[in-house]
Amino acid sequence: MWELIEANKRKSLILFFSLGLTLLLLGYFFGSAYYPDGGGFIGIFFALVIWGILSLISYFSGSKILLAVSGAKEVTKEVHPQLFNVVEEMKISAGLPAMPKVYIINEAAPNAFATGIKPENSAVAVTAGLLARLNRDELQGVVAHEVSHIVNRDVMFMTFAGIMLGSIVLISEVFLRSLWFGGGRYSSKSSKSSGQGQMIVMIVAIVFAILAPILAQLLYFAISRKREYLADASAVRYTRYPEGLASALEKIANSTEELKTANKVTAPMYIANPLKQKGQKLTDLTSTHPPISERIRILREMSGGANYVNYQNAFNKIKRSNSQIIPSSGLADQTSIGLKEATVIPSSLGLNKQMKRDTGDIMMKVNQYAFIQCTCGLKIKIPPDYKKSELFCPRCGRKHSILN
Amino acid sequence: MTGLIILLVVVAVVVLFVISMYNSLIQLRNRVKNAWSQIDVQLKRRHDLIPNLLETVKGYMKHEREIMENITKYRSQAIDASTVGEKAQAEGLLSGALGQLRVQVENYPDLKANQNFLALQEELTSTENKISYARQSYNDQVLFYNNKIQMFPSNIIAGMFKFLQEEFFQVEDEKERAVPKVSF
């Protein structure tokens, strides 16, 4: 398993350096475009400063920012015991050194993400809509997928690659805008002999400013997609139950709600692309996630075991290709891991009304509402700022006393 | 003189080799122990949950006396078991009996709606999952450690310092599979 992480790290480093090189070239060209004599190095310096500041911010408070932006709230075991149990099961199965923190997001759309640059200090966040929709096995599949992102160091990598991408986009944008407003001033100042060379540098810089962000994004998306497959494969290995994740993905795909708190930057962090595509044409290249239907087909094709080899075989069968999605060290592990049977807990039928009610209940619990079950069958929800020591059931009028 | 130096060097190399071999064996044995404690915590948790479960279920299930007696019996067997093998066997029987209980619950709709019971059932299911996931990593560690003890040259050191083979935690698959599937 450690070799797998190592292989992953190596590949990430290559991508990381190519993004870094793009960033430096960008700085160099922009600098030269303004000051032909030695300006390139000033440009590099500024590019590095911008990148450094962004990296520091994300290293020290990236998780906090992500969790705050998505409106996630940390919960205790009392709020949702099953979610806690499932996270702990996956912690044991994946061999994480510490229990990840558990967050619930107040959203009706089903989705989940993981954060934490180091496995010792990680968090798993799921939406209330997800908890209301999924049964135990499905929830386990989703949590396993998220935990794999932590174990495979995807969170760390996507955070830093995202920062690099962000810097590239930011610098290109600043450069193009500055041209619009006052770039001409400098070129008219330069001497006539270097005018032509300067012109060429300028054109190269403009072309670069337009192309670099696009290329960097495509690179970023391609890697993000590959990591989703790997996380699916790891999730099956941890749970030994591919159908759980498959049917969870199916439910997520069938939902019509859009996640309000997600944006382009945070999208790769989620289990399924939270942004519904408008035009489907370009999705293959510009999507952060592989098509969900394909992920489900691969999971359902798995047979004979839950190890990486089984996932790779299913992948090749569905994609009709020989491309390798799992690093070789993962495939070298030939131990057969038996598949688990479904948990025999009767799941409530996915009735729409009940589901909406459950979603609401979970959200209220997260926000520290108290519940009283009245003998007439009504569930009374008490907001945390309710001060009186008793209340009357709105349906039957029975008096209930409130303890705290 | 040269002969003496050569002899000293050879002795030093051998001593260093023995030390490093010994340390790596200790490390492996500790890993096995650590993995075992992971399972042990969960087994204890399950033993603690069972009296509560039986207490909750008792009022509803009047006709399942036999299953409940079995659960009590296997539970105390599991607590008394000392070796890994004995424990694995008793725990396997206990899992089987609990599985039977879970199937019978389907006949008692009132019980299925009992919040206390549902919470206990969730805890029990989770504990059993944790046992099975922890078992996997324990058995991996044991395999690695036992291989080291049997293979040359580490087997010499293992023999000298009395490193003994550890037992696998194997729950008989037949017992686990014996839980009949529920069809709705």
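Two residues are in contact here if their C-beta atoms, placed from the backbone, lie within 7 Å. With that in hand, welcome to a few close-up views of this predicted model.

**View 1. The surroundings of A:V126 in chain A.** Leaving aside residues up to four places away in sequence, A:V126 touches A:L83, A:I104, A:I105, A:A112, A:L131 and A:V142. A:V126 also belongs to the largest nonpolar core, which has 94 residues. Within this core, A:V124, A:V126, A:V142 and A:V147 touch the most other members. Helix α8 of chain A, spanning residues 195-239, gives the most to the core, with 16 residues. Domain 1 (1-352) and domain 2 (353-401) of chain A each supply at least three residues to this core. As general background, nonpolar side chains in soluble globular proteins tend to be buried together.

**View 2. Strand β2 of chain A and its pairing partners.** How much of strand β2 (residues 101-105) of chain A is buried? Four of its five residues are, so the strand is largely enclosed by the rest of the structure. On one pairing, strand β1 (residues 72-74) of chain A joins β2(A) in the antiparallel sense over three bridges. Look here for A:E74, which stands opposite A:Y103 in β2(A). The pairing of β2(A) with strand β4 (residues 123-127) of chain A is parallel and runs over five bridges. In this pairing, A:K101 has A:A123 in β4(A) as its bridge partner.

**View 3. The helices of chain B.** Chain B has seven helices and zero strands, and its pattern along the sequence reads α-α-α-α-α-α-α. The radius of gyration of chain B is 24 Å, well over the 16 Å that the globule rule gives for 184 residues, so the chain is more spread out than a compact globule. Along the principal axes, the C-alpha atoms of chain B fill a box of roughly 90 × 30 × 25 Å. Of its 184 residues, 24% count as buried. Among contacts in chain B with a separation of 6 or more, 79% join residues 24 or more positions apart.

**View 4. Where chain A meets chain B.** Here eleven residues of chain A are in contact with twelve residues of chain B. What classes make up the side of chain A that touches chain B? Four of these residues are nonpolar, five are polar and two are charged.

Definitions and conventions
Residues are numbered from 1 along each chain as its sequence is written. Chains are lettered from A and ligands numbered from 1 in the order in which they are written. This is a predicted model: local features need pLDDT of at least 70, side-chain atom pairs count only at pLDDT 80 or more; totals for chains, interfaces and linings use all residues. Ala, Val, Leu, Ile, Met, Phe, Trp, Tyr, Cys and Pro count as nonpolar, Asp, Glu, Lys and Arg as charged, and the others, Gly among them, as polar. Helices (H or I, at least four residues) and strands (E, at least two) are DSSP runs, numbered from the N terminus. The radius of gyration is taken over C-alpha atoms; the globule rule is 2.2 Å times the number of residues to the power 0.38. A residue is buried if 20 or more other C-beta atoms lie within 10 Å of its own, exposed if 12 or fewer, and partly exposed in between; C-beta atoms are placed from the backbone. A nonpolar core is a set of buried Ala, Val, Leu, Ile, Met, Phe, Trp, Tyr and Cys residues joined through C-beta atoms within 7 Å. Domain bounds come from an automatic or database domain assignment. Two strands pair if DSSP finds at least two bridges between them.
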